[in-house]
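Student: Please walk me through reading helices against a sheet. I would like the general idea, then the case here.

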Amino acid sequence: MAELKNDRYLRALLKQPVDRTPVWVMRQAGRYLPEYREVRKKAGDFMTLCSTPEMACEVTLQPLRRYDLDAAIIFSDILTIPDAMGLGLHFVAGEGPKFSSTIRSAADIKNLTVPDMEDSLGYVMDAIRLTRREIDGKVPLIGFSGSPWTLACYMVEGGGSKDFAKVKGMLFDAPVQMHALLDVLADSVTAYLNAQINAGAQAIMLFDTWGGTLSPAVYREFSLNYMHKIVSGLQRQSEGRVVPITMFTKGGGQWLEWMAETGVNGVGLDWTTDIGEARRRVGDKVTLQGNMDPCVLYASPDRVEQEVATILASYGKGNTGHVFNLGHGIHPTVNPDNMARLVESVHRLSAPYHAE
């Protein structure tokens, strides 16, 4: 593998000094880029795009050609594991992900097994290996997975949900059943992420998209505990480097201290938590990732820069411990020029905060 030319992102996650705050953006390879839409059109459908390593590699690299980003994230989907378990993932225009089969009973859960990572999910590993070659050490490559609770939400509901009635109904009425589902998912996510690390992923993101829908005690029992189990089972060294892990619970700002105790290197924040206050709460225990509201990118370029300045000032001085990102994924109708202003502003305005 080529020597890593820009390790700013990895250094920040390990609380090591950096010359400026590293920046990448969730969903940075996506529909806001016209070149992505061209590849998506050629693929014909989203799952073909995800499962064709050459296409997944191409769209992973596209934002790096436009922007001076400090990391790439492999193009895939959080629902690859349930699909590999045989639930039949497909995407419906205007409705998002859907499953042909749902998980509703103890018998359904008993039939689930941990997928073979180099067989049914080998296309993800092939995309990582190909992308590592093509990226040629420019920046590190991030691998990722959805959390067990988030995967369970889609598997029980059969797709997205506004009230999570079915999955929460199972959680409250049949907790033993829910724990059995989350157990097999935690084992699967652990194996999946370790396979990504072995294929060449240099950092890992664990996305707990729906953890914030839970009450504190329920979050701890049914989401955080399983993410903690995954973190404990991950390979933390590869290619002579530490592989840092970042955990992100959308809507989970009230549980920062709990997340920081799981052994992760970074905790992601959405925009509803002030990053300066978050830093005061967790101290130097973890790096913080975030946390601009994605909708700021609909404003003028000057307003984008102003918001970058506000977040950097809130985090404050100190030449380590912050990875700049949005508080969730970039929206598909954002002007790509505003993304350019975001990246440039983070690098330019953060330099003084890292001066000795």
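Tutor: This is a predicted model: local features need pLDDT of at least 70, side-chain atom pairs count only at pLDDT 80 or more, and totals for chains, interfaces and linings use all residues. Residues are numbered from 1 along each chain as its sequence is written, and side-chain values use heavy atoms, without hydrogens and water.

Student: How does α10 lie relative to β4?

Tutor: Helices (H or I, at least four residues) and strands (E, at least two) are DSSP runs, numbered from the N terminus. Axes are lines fitted to C-alpha atoms, for helices over the stretch in contact (heavy atoms within 4.5 Å). Angles run from 0 to 180 degrees between N-to-C directions. Here α10 lies across β4 (141-146) and β5 (203-208), at about 170° to β4. Helix α11 (residues 216-232) lies across β5 and β8, at about 165° to β8.

Student: In what order do the strands of the sheet come?

Tutor: Strands of a sheet pair through backbone hydrogen bonds, either parallel or antiparallel. Pairing requires at least two DSSP bridges between two strands. In this open sheet, 7 strands run in the order β1-β4-β5-β8-β9-β10-β11, with parallel pairing. β1 (72-73) and β11 stand at the edges with a single partner strand each, so one side of each lacks a neighbour in the sheet.

Student: How many bridges join β8 and β9?

Tutor: Strand β8 (residues 245-249) and strand β9 (residues 266-268) pair in the parallel sense over 3 bridges. T246 has G266 in β9 as its bridge partner.
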